[in-house]
Amino acid sequence: MYAGVDIGSRAAKAVLLEDDKIISSVIRDTGAESVKTSRKLLEELLEGTGIGSEDIDYTVATGYGRVLVPYANENVSEISAHARGINWYFPTVRTILDMGGQDCKAINCDGKGNVTNFVMNDKCAGGTGRFLEMIAEVLNIPLNEIGTVSLGSTSEIPFNTICAVFAKTEAIRHLRNGVARADILAGLHEAIASRSFNLLKRVQLESDFAITGGISKNSGLVAKIAGKVQLEPLLCDDPQLCGALGAAIFARDKSVLPSARAKMQYGYDDGTGSYFISLDEGLCNGCGKCVEVCPAGLFKLVQRNGYMVAEVKEEARKRLPVLCPGIETCRNTNGGVTCQMVCSESAIEHSW
Ligand code: SF4
Ligand code: SF4
């Protein structure tokens, strides 16, 4: 069993794979606390499957909150995850437009789902999922209906901008002037499609072409993008799950390599910040120097898959900022040495 967890800026998604079959999937709001969300996501993913978390061999996290999944073995960028996810459905895809909650990416990939090029727009909220949520609120139409409503447009209103602030003001003005909601939406979709096309022009626009991410559930926008690109976009069963699926495939591929050992994350985040120590067991040679040098006694050696590796003691995981003062302070108070300095394999990372 392999799990992929995608903590996006707006939505959190997870997929459970058994070899090459999707056993279960879940989508929920990310909310304010990504660590709690990632735990809830796992609970919901396993609900009714008869599968326990101990049955999952390997978990890979992705998305902007990918370091906030305490049970993940490692993480990958959402760009890599989307390319791998769409390749699972359509191995012929070479160009991907990933339309997320707060950014948009144009990606090229090869026949194995490896990323060969990408560009992203994360500077402005215009044309992202958050932007469309805001427009849906202004027009008082459920988000999942704006696509079909826009397809009913008979006299599209041109929008010169999709700057979130100006477009909202413009939409409100049109609404007050009695312009039909469908025509406002069609105009906004046209503007977003133009911008997406410009992003796609910065990579190699090759067929087959796919759109991923939550926004691709918007049929009106997909139709507009198809018109610009002059290619019929491929859409998988649930394009919003593509990143989580890709992460699960990374987990499967990693886990089936006989020599693969995990990168483990220990820690948590709360209102005061994020506290993680990562140990790359693929690099660790089990020398035990970190165990000897750590004044807080955070590490121990364990045997895993026939290898001795270091891990952070379970009882220390939830008390990291209390026990460990951080690399700088540790060096100053511990005779100039830290766990990182004595680790000849660079297997230890602190994310504070
Ligand atoms: S920085 Fe110092 S206290 Fe913190 S884990 Fe490393 S050796 Fe231990
Ligand atoms: S010092 Fe580095 S290589 Fe040695 S046990 Fe610790 S993590 Fe592993």
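I'm working on a predicted model here.

**Helix α2**

Next I asked how many residues of α2 are buried. It comes to 10 of the 12, so I'm noting α2 as mostly covered, with 20 or more other C-beta atoms within 10 Å as my cut-off for buried. The buried ones include E78, H82, R84 and N87. I79, A81 and I86 are also on that list.

**Whole chain**

I stepped back to the protein chain, which has 13 helices and 14 strands. Its C-alpha trace spans about 75 × 40 × 40 Å along the principal axes. Of the 352 residues, 44% are buried. I also looked at contacts between residues at least 6 apart in sequence, and 67% of them join residues at least 24 apart.

The domain assignment gives me three entries: domain 1 is 2–85 + 243–256, domain 2 is 91–235 and domain 3 is 273–351. Over C-alpha atoms, I find the centres of domain 2 and domain 3 separated by 45 Å.

Is β7, residues 104–109, mostly covered or mostly open? Mostly covered: six of its six residues are buried. I sorted them by direction, and C104, A106 and N108 point one way while K105, I107 and C109 point the other.

On one pairing, I see β6 (residues 95–99) run antiparallel to β7 over five bridges, with T95 opposite N108. Four residues sit between β6 and β7 in their hairpin.

I then checked β8, residues 115–121, which is antiparallel to β7 and joined to it by six bridges. A106 has V119 as its bridge partner there. The β7–β8 hairpin has five residues between the strands, and G113 takes a positive phi near 85°.

**Ligand surroundings**

What surrounds ligand 1? I list V293, C294, P295, A296, L298, C324, I327, C330, N334, T338 and C339. By class, I count nine nonpolar, two polar and no charged residues in that shell.

For ligand 2, I find 14 residues around it, and C284, C287, C290, A310 and C343 come nearest. This shell has nine nonpolar, three polar and two charged residues.

Notes
Residues are numbered from 1 along each chain as its sequence is written. Chains are lettered from A and ligands numbered from 1 in the order in which they are written. This is a predicted model: local features need pLDDT of at least 70, side-chain atom pairs count only at pLDDT 80 or more; totals for chains, interfaces and linings use all residues. Domain bounds come from an automatic or database domain assignment. A residue is near a molecule or strand if its C-beta atom, placed from the backbone, lies within 6 Å of it. Ala, Val, Leu, Ile, Met, Phe, Trp, Tyr, Cys and Pro count as nonpolar, Asp, Glu, Lys and Arg as charged, and the others, Gly among them, as polar. Helices (H or I, at least four residues) and strands (E, at least two) are DSSP runs, numbered from the N terminus. Two residues are in contact if their C-beta atoms, placed from the backbone, lie within 7 Å. Two strands pair if DSSP finds at least two bridges between them.
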